[in-house]
Amino acid sequence: MIVESPTKAKTIRKFLPKNYIVEASMGHVRDLPQSASDIPARLKGEEWTKLGVNVEEGFEPLYVVPKTKSKVISELKKKLADADELLLATDEDREGESIAWHLLEVLKPKVPVKRMVFHEITKSAIEKALTQVRDVDDRLVRAQETRRILDRLVGYTLSPLLWKKITFGLSAGRVQSVALRVIIERERERLRFKKADYWDLAAKLAAGAEDFDAKLLSIGSSRIASGKDFDESTGKLIAGKKDVRTLEEKEAKELLARLKAADFTVQSVEEKPTTSRPSPPFITSTLQQEANRKLGLSAKEAMRTAQSLYEQGFITYMRTDSPNLSQEALRAARSAIESLYGKDYLSEEVRQFTSKAKGAQEAHEAIRPAGAEFQHPKETGLSGIELALYELIWKRTMATQMAEARKLSVSTRIAAADTVFSASGSRILFPGFLRAYVEGSDDPEAALEDREVALPKLAVGQKLKLNKLDAEAHETKPPARFTEASLVQTLEKEGVGRPSTYASIIGTIQDRGYVRRQGNALVPTFTGFAVTQLLERHFESLVDTGFTSKMEESLDEIAEGKVEYLPYLKGFFLGKDGLQKRVEAQDKKIDPTESRTVDLHHIKGIDIKIGRYGAYVVKNAGAKAAEEVHASIPEDIAPADLTEASIQEIIETSEKGPQSIGKDPDTGKDIYCLIGRYGAYVQLGEASEDKEAPKPRRASLPKGVSPRDVTLELALKWLSLPRELGVHPDTKKPINCNVGRFGPYVVHDGNFRSLKKTDDVYTVTLERALELLAEEKKGRGGASVVKELGKHPADDKPVQVLDGKYGMYVKHGKTNATIPKDADLEKFTIADAIPLLDAREKADGAKTKKGRGRKR
């Protein structure tokens, strides 16, 4: 039996007799060539091999076995030689079907071959799958192959065009370019946004001993404007809004003074019972969204963790767009609910859900705990992020079969002179499913309390006491940038790509430098703008969500046998308006200078261009070379946040050139404030033309500090780092403090500790540093050091065992390697760690990490 991963193989072995050999293919065993070195010698001279698809010969793909898979295939062939049957047990989706087909093509077995599929790895599921074997489904294989060929045609045809017209190293993709355009469109909305200012009044009222908050609702017959009443593109009230008035500051303060002497009387009280129903069980996209919101996981991290849970037998298959639950799952959930919460918490009838997403396939099952009985999270033996994600899936599944939550909503209107104030509250009468799962919350019990906003018992005509009255200023906010969760939600709604591909799509647009993270937000870069701009102007359909959604539908129809793959590929690539002819025609029309210029509209008289080292501004564009001024735009400035003032500051700094702000009293060297690709910084002394000479000391400006505000005193303070605090009493080695990528820290002999919020890196003492160094070490993401193994023989750097959010791992320098789950940590030594670290470094490849220099 062949599966994809060692973990999956290990889990399945437990459920099979000893005469079954279960081996892993380690994912795909063949793919299209990634570089010229992958092309077989006999085909080196063929022009079509650069594409990896022979479009003139029926779009025949050129499949090659990666060098890293040769040993795997040899081992599989050896094991197969002793077998009397081959079972292909790769995943049940199209990609799994494709892997199974490629295994057949490469291994060429002479024994009977059967395909078996299952959506969970439990004893009963495996035993059932063994009785329901089938042949490899050629239609699914062809659909997956067509998808792969389409991706190659788009990527390898458009990317060279981007290199020629913008800058080298850029890429386009069938789905990634559409996802990027969605993010760019939101940034354009932010660019068009016009802020609106408005005021209202907030009252603190009391009925007896209980007080509550109320907001100004109306004056006379006119409702007071709130944020939703303003047009985002003009900053004015939306046209056609009747009986709505904007409260200005002067009017608000005058009204406040007048109402302080007014009587506040209850005008109406309305009570309304409401019910809420649980969300459907997880599918791939909703799991990614909630894992991002609740656990802070990226789509890639969520899918990697879910894959691990599936392969260990804890959850059902994690790539699905069906919210359907099997009868077995329904019985398991309802039994667990009755046992844990009581019969009152069971829904009266069994609940089933259907998908509303475009192109959803209902054949699969939702993501849920595996088996006929759901393991309680506390009984799984899981830890860290695996436990957190399993618990999320367990709670969500349980909630689907729980009773509706019943609430009582209360709203009241309070009259004061010619104004009306409003207040509302709610009380949970019966929590129902909320006892197990509250969307967007980690702690259902705490979330229940947060959801209750109590109002005192009020009666019409009742006089209330005014405890406090404030005039409050507000301003409208631009549309929020996409997070991974909201982007996944939008892509699924539009039918772009498939949920199983979202993690790689989001990863790709970040890796390409088209999007960067700012907190949890996905912020497009100027390079991303330039790429999208070119594709919109010359290949609009390829970045249109409707066109891409239709492509997905066609691929589904190929899988169902409704559409033939070859005519579809010919029409897309070789047709009258096919991609090949369009690229050839547009290549002559596209002006590189225009393509490298980012059109932001709101910046007049300045050009923003893309160069080899990123985005830069050009003043006096088109003038004589000596009159043009070029200046790098720091990468931390988003396109919608680039203002005329910030551009002027960047240009002024560039025009002046290095201007000394004073001299260092210790060295006598000049200190400069400069702006580079990564933002503003101060520098001690001049940079030498000699590449071998040591670089001058530099320090980045703290966030929020403008180059105009830099003084000699501030510059000397920032350049004082790193500071030596003294020597460690035990080792006699120095202890230093500095600011790094993850904030301020102290370090001793390669041992780092982050400073606390109350510590100041410029004043922290030796005594305080010793206290911090004595604390248990926490790594990134809260990983704690479990064991010090000693120093690595190659460089004397420490080797440690850490407990991180993905489990135990060994660390040496920048290399992390997962420790096998069956390893005995008590007996785990540096001799065990070194082979794991060597394998990790080898897998990562010999990557030369070059420091990025700053540009003036």
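The axes of helix α10 (residues 327-341) and helix α11 (residues 384-399) come within 9 Å of each other and cross at roughly 95°. Axes here are lines fitted to C-alpha atoms, for helices over the stretch in contact, and angles run from 0 to 180 degrees between N-to-C directions. The two helices, α10 and α11, are therefore roughly perpendicular. Angles of 65 to 115 degrees count as roughly perpendicular, under 35 as roughly parallel, over 145 as roughly antiparallel and the rest as oblique. Helices (H or I, at least four residues) and strands (E, at least two) are DSSP runs, numbered from the N terminus.

The model is predicted: local features need pLDDT of at least 70, side-chain atom pairs count only at pLDDT 80 or more, and totals for chains, interfaces and linings use all residues. Residues are numbered from 1 along each chain as its sequence is written, and side-chain values use heavy atoms, with hydrogens and water left out.

On the α10 side, Ala 333, Ala 336, Ile 337, Leu 340 and Tyr 341 meet Trp 394, Thr 397 and Met 398 of α11. Contact means heavy atoms within 4.5 Å. The contact of α10 with α11 comprises seven nonpolar residues, one polar and no charged. In this scheme Ala, Val, Leu, Ile, Met, Phe, Trp, Tyr, Cys and Pro count as nonpolar, Asp, Glu, Lys and Arg as charged, and the others, Gly among them, as polar.

Helix α6 (residues 176-192) packs on helix α15 (residues 526-538) at an angle of about 105°, with the axes 10 Å apart. That makes α6 roughly perpendicular to α15. From α6, Ser 177, Leu 180, Arg 181, Ile 184, Glu 185, Glu 187, Arg 188 and Leu 191 take part. Their partners in α15 are Gly 528, Phe 529, Thr 532, Leu 535 and Glu 536. By class, the contact of α6 with α15 has five nonpolar, three polar and five charged residues.

Helix α20 (residues 644-656) has 13 residues, which at 1.5 Å a residue should span 18 Å; its end C-alpha atoms are 18 Å apart, in agreement. The expected span is 1.5 Å times one less than the number of residues. Within α20, Ile 647, Glu 649, Ile 650, Ile 651 and Thr 653 are buried. Buried means under 20% relative accessible area, exposed over 50%, and partly exposed in between (1.4 Å probe, protein chains only). These buried residues of α20 pack against strands β18 (606-611), β19 (614-619), β20 (629-632) and β22 (670-676). Just after α20, Gly 657 takes a positive phi of about 70°.

Thr 90 sits in the loop between β5 (86-88) and α3 (94-107). At 2% relative accessibility, Thr 90 counts as buried. Its side chain reaches the backbone oxygen of Gly 96 at 2.7 Å. Not counting residues up to four places away in sequence, Thr 90 touches Ile 2, Glu 4, Lys 8, Gly 96, Ile 99, Ala 100, Leu 103, Arg 115 and Met 116. Ser 159 belongs to helix α5 (residues 138-165). Ser 159 is also buried, with a relative accessible area of 8%. The Ser 159 side chain reaches the backbone oxygen of Gly 155 at 2.6 Å. Beyond its neighbours within four places in sequence, Ser 159 is in contact with Val 154, Leu 170, Ser 171 and Ala 172.

Arg 277 lies in the loop between β11 (264-276) and α8 (284-295). Arg 277 is exposed, at 53% relative accessible area. Its side chain makes a polar contact with the side chain of Glu 404 (3.4 Å). A polar contact is a pair of N or O atoms within 3.5 Å; within protein, one must be able to donate a hydrogen and the other to accept it, and residues adjacent in sequence count only if both atoms are side-chain atoms. Arg 277 and Leu 434 are 157 residues apart in sequence and 9.2 Å apart in space, C-alpha to C-alpha.

Most residues other than glycine have a negative phi, and most peptide bonds are trans. Asp 243 is not a glycine, yet has a positive phi of about 55°. Asp 243 lies in the loop between β9 (222-224) and β10 (244-245). Ala 417 has a positive phi of about 55° and is not a glycine. Ala 417 lies in the loop between β12 (405-416) and β13 (419-430). The peptide bond from Leu 721 to Pro 722 is cis, with omega near -5°.
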